[in-house]
Amino acid sequence: PAPPPPPPPPPPPPVVDDSPPPGPQDPDAQDDDEIPLVTDPIPERSYRYLLYDQMVARIQELERDYPSLIEVYTTQSRFGLTAAGTCFIGGQIRDCDNYVVRITNEKKLTKDTPEVFISGALHGDERVGPTAVTEFAVLLIEMYVRGDAWARVLVDTRSTTIMPVPNALGYSQRRREENGKDPNRDFAWDQNPHACMTTIAGQSINEVWRRHIFQLSLTFHGGTHLISYPWGDFLHCCKRDEYTAPDMTGMEILTEHLQKYVGQFSGGERMYRIGALNDIIYRVHGGMEDWAYGASWDHQGNVQCTGGESVGYHKSRTVYNNATHRAVNLLVETASAKTPSESTLGTNKDVIMRGGGQMPGGGHIPRNIRLCWMMVDAVQPWVRITNVDTFPTTVSEGVSVTVTWDVGGAFQVDSGKVECLGEGETEDAHELCDSEHITRHKLWGTSAPVGTAHRSLSTDFHLLDGAAARSGGRIRVRVSVMVDQEWGAAQRPEHKKGKPQSHLVRARTDETWHFENRFDGYHEVVQGRLWWHSQEVEITAQASTLPRRRK
């Protein structure tokens, strides 16, 4: 039937302010003037399942329009893999290639830019994930080019790698397996060496991961309704104490907030169930989730796969260094039905207007776009001062000034303060200003609406007597925060399992954490930090005309 006439355009997406935020590693980063802002509102559209060739066309169009933000390649062209079979594309039979999309601002990309990996479907008959991750990529760019502040954080200060359909052949054929083999039993973890790396889907993901350091990862499935985390193998079962991972506290808190932010499904299913794989679903051999989390450090699960050697895929490709496989990798089962009715998929307006707390979260696609959005945000803390336009350019000693700032990529501010730096200083000069401290402040809770996974806070400070003379009259003001320290606390429930081993947890709780991956022309770094800083705002300090404060 002919589609109904489109409804009026939705209201513009929520933004904190109109200025793009600076990156966590580059506080002085500026807007990319070469990407013109789009002023038209995003037109409302209902979501429909995308076929393989429609998905390819959509991501290639994005790359053509915004080549500095999106890179698209295939594992066949870059890594020399064969195609698993042929697909019907544009009226022709062609190789069913495995596409990879990387979203980041190339001009701001550094070797320590945090990375996220998202897989749309290892099983070809589970249809929500591929459409959700493709539409996530589209919406993220649509909001970025319209100047949305949060989208600017996700593109300018992160690198997100998306494989919409790793099992391209299975998806095109609407079959779970790739040529009769299950890709999510095909990874080099707790598996018979002859039974892994037998699929092009598995080999494709393996090649991508060898070249990167992903701190967070999502892999979409269908058939039930949950978000789960490691462990989920036969090595760490079958009692809770046995399958408790050393990063459990961080994984629990992350999935709890994802559950709340996604919201309920408006079509009947409630909020996502959450828990460990071995607790709420089932254990498997050769699963991607535990491989991505443990293959660089928990060597009892490692195997060198010989299953692909008949087609030239050598077992040496499943030998990993100590950096690449320490990701918190979440498995998402999107719905009880593997292919829910298109009438339940929702609209892009639902992404913006719904979700959070106990509110209905819209259809299947909006809920999982929000899930992707939150995951990319959560990979690294960030903070920025937001009232730059009204910030006083001249501040007198002893006069209280309020600084308003946003913080995201985290779930609790353990300590937050204003710092004042003199000329040439890189660390806080405590003799220049005195700041109010924020401690153990939860950023958002069960009632948070969509668009507020980061929070706006205010802190007062004043310049101390003599600050103008000691600084030469020029002072740089910034906000610094420490976050999520309970993730790595010695007294956390799973402390008997040893220290956390994931980059996600240790990079924000241990400043000595340092790993590098140099491979095939790639060089990537994870460096732990305790304090995260905003951009700096310069003020002119002047001596107080008021009576001096008593010490």
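In this predicted model, Arg 440 lies in strand 16, which spans residues 438–442. The residue is exposed, because its relative accessible area is 57% and the exposed class begins over 50%. Arg 440 touches Gln 412, Val 413 and Asp 414, leaving aside residues up to four places away in sequence. One of these partners shows how the fold joins separate parts of the chain. Asp 414 and Arg 440 are 26 residues apart in sequence. In space, their C-alpha atoms are 4.2 Å apart.

A pair of helices was examined next. Helix 8 covers residues 248–262, and helix 12 covers residues 364–378. Their axes come within 9 Å and cross at roughly 140°. The two helices are therefore oblique to each other. The crossing is right-handed. Helix 8 contributes Leu 254, His 257, Leu 258, Tyr 261 and Val 262 to the contact. From helix 12 come Arg 367, Arg 370, Leu 371, Met 374, Met 375 and Ala 378. By class, the contact residues divide into 8 nonpolar, 1 polar and 2 charged.

The protein averages a pLDDT of 88, and 87% of the residues score at least 70. Over residues 4–32, however, the pLDDT is below 50. This stretch still has 62 contacts in the model beyond near neighbours in sequence.

Note on methods:
Residues are numbered from 1 along each chain as its sequence is written. This is a predicted model: local features need pLDDT of at least 70, side-chain atom pairs count only at pLDDT 80 or more; totals for chains, interfaces and linings use all residues. Side-chain values use heavy atoms; hydrogens and water are left out. Axes are lines fitted to C-alpha atoms, for helices over the stretch in contact, and angles run from 0 to 180 degrees between N-to-C directions. Helices (H or I, at least four residues) and strands (E, at least two) are DSSP runs, numbered from the N terminus. Angles under 35 degrees count as roughly parallel, over 145 as roughly antiparallel, 65 to 115 as roughly perpendicular and the rest as oblique. A crossing is left-handed if the near helix is turned anticlockwise from the far one by less than a right angle, and right-handed if clockwise. Contact means heavy atoms within 4.5 Å. Ala, Val, Leu, Ile, Met, Phe, Trp, Tyr, Cys and Pro count as nonpolar, Asp, Glu, Lys and Arg as charged, and the others, Gly among them, as polar. Buried means under 20% relative accessible area, exposed over 50%, partly exposed in between (1.4 Å probe, protein chains only). pLDDT is the predictor's confidence in each residue, from 0 to 100.
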